[in-house]
Amino acid sequence: MTAARLPAIKTLEAFDFTFQPDLSERLLWELADLSFVKTATNVVFLGPPGTGKTHLSLALTVKALSAGYSALFTTLTHLAEALDSASYPGLVRQRLRRYTTPSVLVIDEVGYTKLSPGQAHHFFELVTARYEHGSILLTSNTGFSAWGSLLGDDVLATALLDRLLHHAEVIPINGRSYRMKDRSASASGGGQK
Ligand code: ADP
Ligand code: MG
């Protein structure tokens, strides 16, 4: 649990599916049976801020940890920094290994930081290394079409997405922000808590 570096403990039980009516509760509970971990299938949550992408990634990770799988949580920003500041090749390889060995790797908040050419290359290497070996749970606020500019390289982005999405469940969440829940309720005069 500690080694997984989860920023918070979240559960599916605590997720209010009625708040995201377009999201399939059944699909999430199916994923919670963890066959996606066994088959090294990736899960990609796409949507604007506050829609529960990190919550759901954490909930699935907690399930995986409870079942005895290893996991590691990181953000793309942290990942990029870790693989960039590593100055000599041996150290990069050692750090890459940290992200390739866990059964489940969460890469949160893809889309907030543009990557340098070196970082983009290492990100690609990581996705390639985990391809058909270990699951990636990824969250992003940007559509796949923006990944070329995110990685600064359209060809690399296409190759990366090809591997990432070959065995993947892509889950768009397009509802309202849960963080703004109370604010929008009072703004619309709903008064419902
Ligand atoms: P995102 O990663 O999409 O920006 P988060 O998963 O961080 O959003 O959600 C923001 C906060 O709101 C978190 O504390 C999360 O637990 C909570 N939250 C989001 N959606 C729901 C929901 N449908 N039911 C209960 N809590 C939610
Ligand atoms: Mg988040």
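**Close-up views of a predicted model**

**View 1. Arg 130 and its contacts.** Arg 130 touches Tyr 99, Thr 100, Thr 101, Pro 102, Ser 103, Val 104, Leu 105, Ser 135 and Ile 136, leaving out residues up to four places away in sequence. The model shown in this and the following views is predicted. Arg 130 is part of helix 6. With a relative accessibility of 2%, Arg 130 counts as buried, since the cut-off for buried is under 20% relative accessible area. One of the contacts of Arg 130 is Ser 103; the two residues are 27 apart along the chain, and their C-alpha atoms are separated by 9.2 Å.

**View 2. Ser 103 in the loop between helix 5 and strand 3.** The loop that holds Ser 103 runs between helix 5 (89–100) and strand 3. Ser 103 has a relative accessible area of 23% and is therefore partly exposed. When residues up to four places away in sequence are not counted, Ser 103 touches Val 37, Tyr 69, Ser 70, Arg 130, Gly 134 and Ser 135. Lys 38 lies 65 residues from Ser 103 along the chain, with 8.7 Å between the C-alpha atoms of the two.

**View 3. The largest cavity and its lining.** The whole structure was searched for cavities of 30 Å³ or more, and 1 was found. The space in the largest cavity is about 50 Å³. Its lining consists of Ala 40, Asn 42, Val 127, Arg 130, Tyr 131, Glu 132, Gly 134, Ile 136, Arg 163 and His 167. By type, these lining residues comprise 4 nonpolar, 3 polar and 3 charged. Arg 130, a residue of helix 6, is among those that line the cavity.

**View 4. Asn 42 in strand 1.** Asn 42 is a residue of strand 1 and is one of the residues lining the largest cavity. The relative accessible area of Asn 42 is 7%, so Asn 42 is buried. Apart from residues up to four places away in sequence, Asn 42 touches Gly 134, Ser 135, Ile 136, Arg 163, Leu 164, His 167, Ala 168 and Glu 169. Among the residues lining the cavity are Gly 134, Ile 136, Arg 163 and His 167.

View 5. Opposite Leu 72 stands Leu 105 of strand 3, and opposite Phe 73 stands Val 106 of strand 3. Ala 71, Phe 73 and Thr 75 point one way from strand 2, while Leu 72 and Thr 74 point the other way.

**View 6. His 122 in helix 6.** His 122 belongs to helix 6 (residues 117–130). His 122 counts as buried because its relative accessibility is 15%, and the cut-off is under 20% relative accessible area. Neighbours within four places in sequence left aside, His 122 is in contact with Leu 83, Val 92 and Leu 96.

**View 7. Lys 114 in the loop between strand 3 and helix 6.** Lys 114 is located in the loop that runs between strand 3 and helix 6. The relative accessible area of Lys 114 is 60%, so Lys 114 is exposed. Leaving aside neighbours within four places in sequence, Lys 114 is in contact with Gln 119, Ser 149 and Leu 150. Lys 114 and Ser 149 are 35 residues apart in sequence, and the C-alpha to C-alpha distance is 7.4 Å.

Methods:
Residues numbered from 1 in each chain as written. Chains lettered and ligands numbered in written order. Predicted model: local features only at pLDDT ≥ 70, side-chain atom pairs only at ≥ 80, totals over all residues. Heavy atoms only, no water. 1 Å grid on protein atoms, 1.4 Å probe; cavity = no way out; pocket = protein on both sides within 12 Å on 5 of 7 lines; lining within 4 Å. Points joined across faces, edges and corners; volume = space filled by probe spheres on them. Nonpolar A, V, L, I, M, F, W, Y, C, P; charged D, E, K, R; others polar. Pairing = 2+ DSSP bridges. Helix = DSSP H or I, 4+ residues; strand = E, 2+ residues; numbered from the N terminus. Buried < 20%, exposed > 50% of the residue type's maximum accessible area, 1.4 Å probe, protein only. Contact = heavy atoms within 4.5 Å.
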